[in-house]
Amino acid sequence: MTRAAAALLAAGAAALLLLAAFARTPASAITNDSDITFTVVQSPYAPALLAPGSNVVFDITGAAARDFASLFFEFDYPDGLLFSSGVSEPPGVICADNVPAPGIVRCDYGAVVAGSLVPLRLTFTVSEGADAVTAPNQVRIRAGVGDGQPDDASDGGDRFLGAGTIAASGELALSVSYTRITVFEGGALTATVSLANVGSAATSVFDVAAEVENAAVLDVQCAASPGSTAGAPYLGAAAACIDAQLQPGGTLTVTLVLAAADTDDGADLLLDLTASALGIESGTLTEAPVEVQELGLLRTSGAAVVGSPVVVCTDEVPADVLGTAAAGARQPADALRLRGSVSNAATLRPQDFTVSGPGVSGVDAASGCGAGQSGVAFVPTVSGSYTVTARYNSGGTNVLAISVAGASPTPSPSPSPSPSPSPSPSPTGTPTPSAEVALASPPPSVGLVGRSRLAFAVTTGAITAQEVRLVVRRVTDGAYWNAEARTWQADPVANPLARNGSRWELAITGPARRQFAGATVELQAVVEGPAGTFQMPAPVSVVVR
């Protein structure tokens, strides 16, 4: 044997020994539980009974212990779910349906470095008649296309929370009724929401939330038929019943006590209901909205000065004008739609008006108001801020604030000499309700709600409040917040607050919060109590972070 042949034989033997060594070493996956850990959270948790077309969401988070040249998340989703979207935050992960096989969604992270993976959300819709089952072994992390043994949530190191059976049911009956079909601003009414499970399977545990436009929710009650669970009532920015569940044939009744808001344009009262675990999203309701009317107030006298009569009439007013007009509709003189809270008359009487300020005299019925309209006249004896409040529909109000200047330049010193000694000044008994309320101790206070996303709160101190409003002014440009329109405007607007326990709140929700970012605002509260109206003498300044 030549030396070259011997060397070749030795090399071949070494190669065989190396192959034998590899044969004795078991193959291992490129990923394992120590390389990557991940968690999938299904919402709603199973078991869930959903309406066809509603969404099921899977939120994926994870962390890599080392760098990877390429990384994929795969979900072998069950029949009954239809892929809708896959997005990451920030964007960058690309998701494709039916890859690498039908019924699989593959999301490509690309190259990753050690550390947290970007959060990923997959959204599916429930198909008609679906009876889908999600399970831990259906979700997995794959390192590269050639990874033949990927990591999945069934092998101990990863989690799939909420997996289980998702059934589709079109047998959820929803209805809403109101005690009135029209109401004037501030008027009270009750909305009754009924949700019935007419199917053969129990629902999952769910929350049902009601958000009302152009009204404040004063109270919420939850009641369920025997065997079902009504959930706990919650009164906040949106009223809710928390952790309800319906057995087959079960019903949930949500009762909302509402007060129509003080709007500028008589906007309709709208109710949005959300129960995402049942496939009910905001805007599902098709019932006709409640028409919210407003009672307008218009100062028909000339300049408001000390000693000159101030006349305020009900009238149709298109917009709030400081010191002159409070927006609203004309009195309809319809006993079914409007009643004075004191007189119980369809057209307001003098006793249905309250005049407050530092010096009020000669309060009487106004003359010269339009046909079918009414009003009040008074003489201010001291300069300052006055309010005329029209009361109707068991607590509904419209308030016109009037600033009275000093004495008229031509006061005409009592053309009739008889009253000059003031033998009978007739100051209408009490000085003014607001003057008395202003002495309440402790007085009302206003500020931000701690740890809230953004909400302003008023505590009413010693005053038993019937109604609370809040004027919010932005310091930079003097604009006023209109909570109904969700925008800033040039004219002042007093926003109605919703009672939340011992305080009254104005929550700023959704995209509207961005309009307050970094703003310094001045807050001024108006509290209606049994003795009259309290208005904070000076605004409180707060900074919204």
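What is the volume of the second largest pocket? The second largest pocket has a volume of about 590 Å³, where a pocket is an open set of points on a 1 Å grid over the protein atoms alone, fitting a 1.4 Å probe, with protein on both sides within 12 Å along at least five of seven lines. A volume is the space filled by probe spheres set on the points, which are joined across faces, edges and corners. The structure is a predicted model, in which local features need pLDDT of at least 70 and side-chain atom pairs count only at pLDDT 80 or more, whereas totals for chains, interfaces and linings use all residues. Residues are numbered from 1 along each chain as its sequence is written, and side-chain values use heavy atoms, with hydrogens and water left out.

The lining of the second largest pocket comprises 27 residues, and Val212, Ala215, Ala237, Leu506 and Ala507 lie nearest its centre; a lining residue has an atom within 4 Å of a point. At least two lining residues each are supplied by strand E18 (206-213), E19, strand E40 (498-500) and strand E41 (503-507). Strands (E, at least two residues) and helices (H or I, at least four residues) are DSSP runs numbered from the N terminus. By residue class, this lining holds 17 nonpolar, four polar and six charged residues. Ala, Val, Leu, Ile, Met, Phe, Trp, Tyr, Cys and Pro count as nonpolar, Asp, Glu, Lys and Arg as charged, and the others, Gly among them, as polar.

The largest pocket has a volume of about 1000 Å³. Its lining consists of 41 residues, with Ser385, Thr387, Ala401, Val526 and Gln535 nearest the centre. Two or more residues come from each of strand E28 (325-326), strand E32 (384-392), strand E33 (396-407), helix H2 (433-437), strand E36 (467-474), strand E42 (520-529) and strand E43 (532-535). E33 gives the largest share of this lining, six residues. The lining of the largest pocket divides into 24 nonpolar, 11 polar and six charged residues.

Four strands form an open sheet in the order E15-E17-E22-E19, with antiparallel pairing; two strands pair if DSSP finds at least two bridges between them. Strand E15 (172-178) and strand E19 (215-224) stand at the edges with a single partner strand each, so one side of each is left without a neighbour in the sheet. Neighbouring strands of this sheet are turned by 15° against each other on average, direction ignored, the axes being lines fitted to C-alpha atoms, for helices over the stretch in contact, and angles running from 0 to 180 degrees between N-to-C directions. Within the sheet, strand E17 (residues 188-197) and strand E22 (residues 251-260) are paired in the antiparallel sense over nine bridges. Alanine 191 is placed opposite leucine 256 in E22.

Two cis peptide bonds are described here. One joins glutamate 89 and proline 90, with omega about 5°, and proline 90 is in the loop between strand E5 (81-88) and strand E6 (94-97). Another joins valine 99 and proline 100, with omega about 5°; proline 100 is in the loop between E6 and strand E7 (104-112). Asparagine 98 is also found in the loop between E6 and E7. Although not a glycine, asparagine 98 has a positive phi of about 60°. Its relative accessibility is 42%, which counts as partly exposed, given that buried means under 20% relative accessible area, exposed over 50%, and partly exposed in between (1.4 Å probe, protein chains only). Asparagine 344, likewise not a glycine, has a positive phi of about 60° and is in the loop between E28 and strand E29 (353-356).

The count of salt bridges is 12, each a side-chain nitrogen of Lys or Arg within 4 Å of a carboxyl oxygen of Asp or Glu. Arginine 142 and glutamate 74 meet in a salt bridge (3.1 Å, N to O). Arginine 142 lies in strand E11 (residues 139-142) and glutamate 74 in strand E4 (residues 68-76), so the pair ties together parts that are 68 residues apart in sequence. Arginine 142 is buried at 13% relative accessible area, and glutamate 74 is buried at 0%. Glutamate 505 forms a salt bridge with arginine 503, the closest N and O atoms being 2.6 Å apart. Salt bridges that share partners join Glu74, Arg106, Arg140 and Arg142 into one network.
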